[in-house]
Amino acid sequence: GVDNPYRFIGAVHSCCGPVEQLEAVQQDFTTISFSGNAAVGYYSEYLWRDFKLGARPEASALSPQWAGCPNWGTAYKLSGMAQLGLSFLWSKKGKRWEGGQTGIFGAIWKGVKVYDPRLDSTFPGGSGSHRITNEATWTYSRNPALHALTYAYGRYVNGKKVFGVDLGTAVRVDQAAAWANVCDANGWHVDGIIYEPGDKWNNLKRICE
């Protein structure tokens, strides 16, 4: 009963991909269940998702549920960007989305990967393939010290900084490694979101806190 019953919304959730995992899609902080990319339960047959973790390079673009989405196509790969795409279908009888797209939609992710000097065989006492100059060797962690270290060092794509403070070799990696051991011993972890552009010093302090 409407000219266009389809809506697609694509959103970037992180510019520091690849991230570890998409854990949940939520509406107003309530998790929506999916079977594959199709919603089940209340939104069955009216909501679909697609997501990308932000590989470098990304193999494909987000896929709307239906062909013909304007201003979108296979060239929109957004390498390095963790993305979520939601496809909504209007119900002819107004059972879903009768007032349009309602509520706030968001996602919970296992997020960015970090450098761990304890897993770097070139670091005194370390053992493994981690290298601070190669993000492909980094791993997911909730350890506050490792997130502080990585944010202070900075994140780069093709040699250009995309996020972080950019202290480079001025970072005291040895102290961060010792602090990481203390965090592990006490079960301390860090979760949440930080934003840029913004106050990088306050971002770093929030991670450390």
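A pocket is, on a 1 Å grid over the protein atoms alone, an open set of points where a 1.4 Å probe fits, with protein on both sides within 12 Å along at least five of seven lines, and its lining residues have an atom within 4 Å of a point. The model shown here is predicted, so that local features need pLDDT of at least 70 and side-chain atom pairs count only at pLDDT 80 or more, while totals for chains, interfaces and linings use all residues. Residues are numbered from 1 along each chain as its sequence is written.

The largest pocket is lined by 30 residues, and Gly111, Val112, Gly192, Ile193 and Ile194 are those that lie nearest its centre. Its lining draws at least two residues from each of β1 (6-14), β8 (105-110), α1 (144-153) and α3 (200-208), with β8 giving the most, at four residues; helices (H or I, at least four residues) and strands (E, at least two) are DSSP runs numbered from the N terminus.

Strand β2 (residues 21-27) is mostly covered, with five of its seven residues buried (under 20% relative accessible area, 1.4 Å probe, protein chains only).

On to β3 (residues 30-32), which runs antiparallel to β2 and is joined to it by three bridges: glutamine 27 stands opposite threonine 30. The two strands form a hairpin with two residues between them, and aspartate 28 in the turn has a positive phi of about 50 degrees.

Key
Heavy atoms only, no water. Buried < 20%, exposed > 50% of the residue type's maximum accessible area, 1.4 Å probe, protein only. Pairing = 2+ DSSP bridges.
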